[in-house]
Amino acid sequence: MIFCLNPECQNPYNADISKFCQSCGAQLTPLLENRYRVVELLGRGGFSRTYLGEDTRRLNTKCVIKHFFPSAATKINPQLLEKSVSLFYEEAKRLLQLEDHPQIPNLFAYFEADKQLYLVQQLIEGRTLLKELQEEGCFNQSLLVKDLLDITQILQFIHSIPVIHRDLKPENIIRRHKDGKLVLIDFGISKQLTGTMDTKFGITTGTPGYAPQEQMLYGDSSTSSDLYALGATSLHLLTGTHPFYLYNPRDNCWLWREQLQVKGISINDKLANIIDKLLADLPTRYKFADELIDDLNSLVLPQKSEFIPQIFSLTPLNPVSQIKLKQFEFEVVTIDGLGKEINRYSDTCEYFSEDLGNQLFLEMVYISGGEFVMGSPSTEKDRDTYESPQHKVTLAPFFLGKYPISQAQWRAVANLPEINCPLNPDPAKFKGDNRPVESVSWQDAVEFCARLSRKTGKKYCLPSEAQWEYSCRSGTTTPFHFGETITADLANYDGTYNYATGPKGRNRWETTPIGSFSLANGFGLYDMHGNVWEWCADPWHTNYRDAPTDGNVWEKGGNNNYRVFRGGSWHSLPLVCRSAYRYRYPPVYRYNSIGFRVAVV
Ligand SMILES: Nc1ncnc2c1ncn2[C@@H]1O[C@H](COP(=O)(O)OP(=O)(O)OP(=O)(O)O)[C@@H](O)[C@H]1O
């Protein structure tokens with residue numbers, strides 16, 4: 001069977017031998033790119049058709065083929081057409097960028113054939129939540145809470161990039177048959193948040209009923225708008241009524257409680273409050289996924305168990321104060337706001353080398369103590385409230401890894417006897433002995449430090465947030481240790497986006513060997529911006545109010561369900577690579593963008 005790709009064709013199924021469609025006469029293409037066979041139509045959207053396909057070079061495994069097909073009105077408007085093409089390309093880019101998450105389809109291919117654009121992605125075998133609702137009826141409370149938690153964790157991941165989905169609704173969530181997990185699809189109007197990007201796309205701004213007003217009317221979207229759409233999705237699943245019909249725009253109020261009453265459905269007050277907060281106006285709405293996760297967890301886990309790290313405690317047998325230090329030379333560069341080099345100098349620092357065996361060494365740089373201002377000023381572009389208030393911190397001297405831990409170093413330590421938990425000796429996605437290790441959780445990193453401490457008799461640990469920021473800034477007060485901006489020639493991040501007035505560059509789509517940029521910061525440390533995020537020891541605090549001023553790990557009042565990481569990664573926007581930027585994940589999460597470097601105190 002050959003499927004006719006003419007979107008207007010009324011009867012697209014043709015016999016295998018046909019060259020032209022027996023219904024519309026269009027020329028037939030048996031295999032796209034000599035590889036992908038279209039089998040049937042799955043759906044049609046604003047500017048594309050989605051087909052079920054087969055990959056003939058992978059034993060005819062099923063896949064999803066999206067065909068860019070703008071409407072007639074779009075085709076005759078060059079500006080609109082150009083924007084639609086770029087959105088289609090962005091969808092492919094987004095899938096590639098997010099493929100690390102198991103609940104987002106992988107991108108298989110993006111290509112042009114016969115002057116038409118196609119995107120091929122992983123088929124998620126399952127049922128959309130809309131279909132499930134239509135076939136099984138309204139969701140009960142406990143299923144809804146479980147599903148909300150699952151989706152919110154996916155949102156937490158995409159928001160950390162930061163990407164906004166902008167079209168969350170039951171049609172775009174599939175429950176995967178094989179494991180019951182939810183998968184988020186259709187990144188067709190998703191948006192990468194950058195401080196410099198125009199928020200008005202001018203094409204499509206979400207689905208009425210699900211997208212909040214600020215997104216529908218002004219094209220403004222944020223992490224909060226996806227959470228609003230999640231609230232509207234909950235209402236649909238709970239009541240079986242499209243959220244469009246549950247809102248009274250004249251009186252600006254929701255009617256979902258009335259609807260539940262009519263249907264004789266009652267829900268827990270806490271869940272009702274969560275839904276209210278998801279659908280609230282901007283200032284009072286949930287802003288971040290993890291606030292919602294905490295509230296949902298309190299519904300499913302009445303006695304919430306916090307993750308208590310078992311940190312290996314040891315009195316150093318081999319205090320670093322007795323180690324004879326060596327010196328190394330390094331080069332430092334400063335750039336102006338346009339990314340042009342304005343200063344280059346050489347300097348020296350002291351360090352010691354830890355012998356890991358087999359000619360493998362871990363270089364630890366001496367960081368002299370001192371005072372610095374932690375956090376970003378309110379004038380810093382794209383800064384977040386998390387980074388405030390700025391406060392003075394005075395630190396004692398310590399040692400910090402010259403580079404993030406490499407895969408060879410990881411393997412050497414992972415093969416040492418276990419202390420608290422097993423370690424995968426080869427977890428990284430981007431293989432290479434000299435590339436940074438990634439796909440390791442905070443818990444794994446703590447175990448690494450414990451094993452290394454036992455082997456060496458020194459007290460290895462993750463740096464505190466204060467130690468990390470002090471080290472990264474190395475005396476600078478600018479957004480990056482390089483200066484007012486950053487360029488893709490100096491660090492590994494998504495250089496197709498720029499910071500402030502800095503230039504755009506390339507996106508490498510993978511980690512780079514540690515130290516490959518050959519430029520250090522003022523303390524002799526490499527790769528502090530980009531390459532891999534680096535776990536810090538601290539639990540999460542939403543701002544620096546009451547933060548300690550001695551640079552130690554800030555345990556008190558912290559949320560142990562999250563641990564902080566810093567510095568940005570190979571797929572980060574430059575704004576999140578800033579010295580002051582901070583983010584967090586549960587201590588058990590592993591992603592191919594997160595690694596760590598170690599400290600010795
Ligand atoms: N990766 C996938 N796995 C399984 N089914 C999919 C996948 N992607 C899309 N589908 C199915 O195809 C339908 C249409 O796909 P999709 O939502 O991506 O496009 P659309 O809504 O038609 O287009 P637009 O991007 O314009 O919104 C979905 O509702 C879903 O049923």
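**View 1. The largest pocket has a volume of about 1,100 Å³.** Of the 38 lining residues, Gly43, Thr50, Asn172, Ile185 and Asp186 are the closest to its centre. A pocket is an open set of points on a 1 Å grid over the protein atoms alone, where a 1.4 Å probe fits, with protein on both sides within 12 Å along at least five of seven lines; lining residues have an atom within 4 Å of a point. The volume is the space filled by probe spheres set on the points. This is a predicted model: local features need pLDDT of at least 70, side-chain atom pairs pLDDT 80 or more, while totals for chains, interfaces and linings use all residues. Numbering runs from 1 along each chain, and side-chain values use heavy atoms, without hydrogens or water.

**View 2. Domain 1 (2-122) and domain 2 (126-297) both line the largest pocket, so it lies between them.** Domain bounds come from an automatic or database domain assignment. The lining has eleven nonpolar, 18 polar and nine charged residues. Gly counts as polar here; Asp, Glu, Lys and Arg count as charged.

**View 3. Asn14 sits in strand S2 (residues 13-14).** Strands are DSSP runs of E, at least two residues, numbered from the N terminus. Asn14 counts as buried because its relative accessibility is 3%; the cut-off is under 20% relative accessible area (1.4 Å probe, protein chains only). A polar atom of the Asn14 side chain lies 3.0 Å from the backbone oxygen of Pro12. Beyond four places in sequence, Asn14 touches Met1, Ile2, Cys4, Phe20, Cys21, Gln22 and Leu28. Contact means heavy atoms within 4.5 Å.

Conventions:
Helices (H or I, at least four residues) and strands (E, at least two) are DSSP runs, numbered from the N terminus. Buried means under 20% relative accessible area, exposed over 50%, partly exposed in between (1.4 Å probe, protein chains only). A polar contact is a pair of N or O atoms within 3.5 Å; within protein, one must be able to donate a hydrogen and the other to accept it, and residues adjacent in sequence count only if both atoms are side-chain atoms.
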